[in-house]
Amino acid sequence: MFMPVISGLIVSVDAFFIGLSLGLQKRCKFLYLAIINTFLFVLCILGFLITGRIYELIPFEPDYIVGFAFIFLGLWTILYYFISEHIKKYKKNIEEKNISLKAIILVGLVMSIEAMMITMGITFIFLPNSSFIIPITVALAHFGYSAFSFYLSRTKYTKKIPIALSHIISGLALIIYGLMALFVELSI
């Protein structure tokens with residue numbers, strides 16, 4: 001039971017940078033983060049419940065799916081930020097509020113799906129001894145890390161950090177987790 005908890009805490013560190021990037025956006029409120037994490041909790045429970053059934057249907061080791069999915073999510077997190085910033089420069093007639101709200105919703109959706117995949121990945125690793133402590137740990141770790149960094153981002157020192165840096169670090173954390181899953185499977 002100790003290792004799934006440690007795994008959930010370690011692989012949820014990217015939520016720190018997601019909370020930081022949301023906190024650095026002036027229009028983002030803590031309520032948005034709470035709503036995102038509520039949805040995230042539901043997806044973590046759902047991911048845990050369907051993992052056993054999926055595991056039986058997969059004819060190969062699920063670490064490949066977990067690894068490639070996290071690499072894709074990490075790349076998408078980084079690329080989405082730069083594409084949305086590029087589009088913002090050319091669409092001056094669209095209100096800043098609408099773009100920010102869309103970005104917040106999209107980040108929340110990606111964060112929730114990523115947490116669900118983390119839950120599924122940890123559950124795959126520890127099957128058949130997995131328990132509900134896995135989705136609870138992942139969800140609470142995501143909320144704790146993102147809430148802490150959200151409030152930290154509202155300090156005068158953290159506001160000097162470029163928003164792009166937090167998106168890049170968050171994406172790289174996901175890519176590293178995906179590579180770790182692949183390396184473990186390939187015994188490198």
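**Exercise 1. Work out what share of the 188 residues in the protein chain is buried, and describe the chain's make-up.**

*Step 1.* Buried residues make up 45% of the 188 residues in the protein chain. Here, buried means under 20% relative accessible area, exposed means over 50%, and partly exposed lies in between, with a 1.4 Å probe and protein chains only.

*Step 2.* The model is predicted: local features need pLDDT of at least 70, side-chain atom pairs count only at pLDDT 80 or more, and totals for chains, interfaces and linings use all residues. Residues are numbered from 1 along each chain as its sequence is written, and side-chain values use heavy atoms, with hydrogens and water left out.

*Step 3.* Next, the secondary structure: the chain has seven helices and zero strands. Helices (H or I, at least four residues) and strands (E, at least two) are DSSP runs, numbered from the N terminus.

*Step 4.* Finally, look at contacts, meaning heavy atoms within 4.5 Å. Of the contacts with a separation of 6 or more, 91% are accounted for by residues 24 or more positions apart.

**Exercise 2. Describe how helix H3 and helix H6 pack.**

*Step 1.* Two packed helices are described by the angle between their axes and the distance between the axes. Axes are lines fitted to C-alpha atoms, for helices over the stretch in contact, and angles run from 0 to 180 degrees between N-to-C directions.

*Step 2.* H3 (residues 30-57) and H6 (residues 133-153) pack at about 165°, and their axes are 9 Å apart. This makes H3 roughly antiparallel to H6. The cut-offs are under 35 degrees for roughly parallel, over 145 for roughly antiparallel, 65 to 115 for roughly perpendicular, and oblique for the rest.

*Step 3.* The crossing of H3 and H6 is right-handed. A crossing is right-handed if the near helix is turned clockwise from the far one by less than a right angle, and left-handed if anticlockwise.

*Step 4.* On the H3 side, the contact residues include Phe30, Leu33, Phe41 and Phe48, while those of H6 include Pro135, His142, Phe143 and Tyr151. The contact of H3 with H6 divides into 16 nonpolar, three polar and no charged residues. In this sorting, Ala, Val, Leu, Ile, Met, Phe, Trp, Tyr, Cys and Pro count as nonpolar, Asp, Glu, Lys and Arg as charged, and the others, Gly among them, as polar.

**Exercise 3. Describe how H1 and H6 meet.**

*Step 1.* The axes of H1 and H6 come within 8 Å and cross at roughly 30°. The two helices are therefore roughly parallel to each other, and their crossing is right-handed.

*Step 2.* Pro4, Val5, Gly8 and Leu9 of H1 meet residues of H6, among them Ile133, Thr137 and Tyr145. Sorted by class, the contact of H1 with H6 has eight nonpolar, two polar and no charged residues.

*Step 3.* Take Ile6 in H1 (residues 2-11) as an example. Ile6 is partly exposed, at 27% relative accessibility. Between Ile6 and Val138 there are 132 residues of sequence separation, yet 9.7 Å from C-alpha to C-alpha.

**Exercise 4. Locate the largest nonpolar core and the neighbours of Phe70 and Leu73.**

*Step 1.* A nonpolar core is a set of buried Ala, Val, Leu, Ile, Met, Phe, Trp, Tyr and Cys residues joined through side-chain atoms within 4.5 Å. The largest has 34 residues, and Leu22, Phe70 and Ile122 have the most contacts inside it. Its largest share, eleven residues, comes from H5.

*Step 2.* Leaving out residues up to four places away in sequence, Phe70 touches Glu114, Met117, Ile118, Leu174, Ile175, Tyr177 and Gly178.

*Step 3.* Leu73 lies in H4 (residues 63-90) and is buried, with a relative accessible area of 8%. Beyond its neighbours within four places in sequence, Leu73 is in contact with Val110, Glu114, Met117 and Leu174.

*Step 4.* Leu73 and Ile113 are 40 residues apart in sequence and 9.2 Å apart, C-alpha to C-alpha. Ile113 belongs to H5 and is partly exposed, at 34%.
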